[in-house]
There are 2 protein chains.
Amino acid sequence: MYIFNHMVEYKDDHILTQLLKAVSDATRRSLLTQLCQHGPSRVTDLADQYEMSFNAISKHLKVLEKAGMITRRTIGRTHWIEANLDQIGLMEDWFKELKSIWELRLERLDTILKNGGN
Amino acid sequence: MYIFNHMVEYKDDHILTQLLKAVSDATRRSLLTQLCQHGPSRVTDLADQYEMSFNAISKHLKVLEKAGMITRRTIGRTHWIEANLDQIGLMEDWFKELKSIWELRLERLDTILKNGGN
DNA sequence: TTTCCTGTCAACCAAAAGGTTGCATAATTA
DNA sequence: TAATTATGCAACCTTTTGGTTGACAGGAAA
């Protein structure tokens, strides 16, 4: 059993949380897919594709927008929504970091084993 | 304005949703980090590092377990928890797919532009 | 055996999430 | 100008989530 001296301080990393939460909903993932396929789209045209209400889609888009996964260009009364895949990198980076932490431990373990019972 | 004939059928992709939700919580991400750093750990030792209750951590671990992000080996009364990064691929695959859908549209667009107003 | 340790399960609670409807507003169109 | 269209906002409701506490059960240790 190992001992820890103090609480782990993990930065809430609000942005990453927001991103992952945004993308963890199936409807929002579908919206992103649609936007990537068809390019900039109006809210109405997006909403027409789903069985839920216009307002529900509007809210989903707002979540995606706050997370930076879409951008909005308002021309007159119509809002043109476009996917923005830049943020994906932040999530991929976390995966990468986690994997490297994992690998580092394995390497340490390997070194210890090679050096015998020192 | 483009026209869609029918509702978009997006597979709920329950597994991906479960994975992303599991990982979208800062405490659970921290737990995964700890597990990667220190290797197999007991629930008690993990919980000791956080300010929240033992039971809260136990529940977080259950969420991670259901998503397949950790595995559990029970020896006597102690549960040895280990990170399992295999599932990360599923999330990365979705990112990759999204990007490729994006690229495909750009290519189509490019072709149209090159062929002039055909 | 009696007591402690490790962990789950169940009940409960507050807050957040995902949905709905109704209304307001601004921009087009007739 | 009057009607319609595109959208956001607010209020409301139900389900989920993240946390708590209080049993409880099975292994270890006294």
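Which residue in β3(A) stands opposite A:R42? The residue is A:W80. The model is predicted, so local features need pLDDT of at least 70 and side-chain atom pairs count only at pLDDT 80 or more, while totals for chains, interfaces and linings use all residues. Residues are numbered from 1 along each chain as its sequence is written, chains are lettered from A and ligands numbered from 1 in the order in which they are written, and side-chain values use heavy atoms, without hydrogens and water.

Chain A holds an open sheet of three strands in the order β1-β3-β2, with antiparallel pairing. Strands are DSSP runs of E of at least two residues, and helices are runs of H or I of at least four, numbered from the N terminus. Two strands pair if DSSP finds at least two bridges between them. Two bridges join β1(A) to β3 (residues 78-83) of chain A. Six bridges join β2(A) to β3(A), again antiparallel. A:R72 has A:I81 as its bridge partner in β3(A). The hairpin of β2(A) and β3(A) has two residues between the strands, and A:G76 there takes a positive phi near 60°.

Helix α4 (residues 54-66) of chain A lies across β2 and β3 of that chain. The helix runs at about 115° to β2(A); axes are lines fitted to C-alpha atoms, for helices over the stretch in contact, and angles run from 0 to 180 degrees between N-to-C directions.

In helix α1 (residues 14-23) of chain A, the buried residues are A:L16, A:T17, A:L19, A:L20, A:A22 and A:V23. Buried means under 20% relative accessible area, exposed over 50%, and partly exposed in between (1.4 Å probe, protein chains only). These residues pack against α2 (26-38), α4 and α5 (88-114) of chain A. They also pack against α1 (14-23), α2 (26-38) and α5 of chain B. A:R29 is found in helix α2 of chain A. A:R29 counts as buried because its relative accessibility is 4%.

B:R105 lies in helix α5 (residues 88-114) of chain B. B:R105 touches A:L35, A:C36, A:Q37, A:H38, A:G39 and A:P40, not counting residues up to four places away in sequence. Contact means heavy atoms within 4.5 Å. The backbone oxygen of A:C36 lies 3.2 Å from a polar atom of the B:R105 side chain. B:R105 is buried yet has no salt bridge, defined as a side-chain nitrogen of Lys or Arg within 4 Å of a carboxyl oxygen of Asp or Glu. The nearest side chain of opposite charge, A:E82, is 4.5 Å away.

Key. Lys, Arg positive; Asp, Glu negative; His and termini not counted. Polar contact = N/O pair within 3.5 Å; in protein donor to acceptor, adjacent residues only side chain to side chain.
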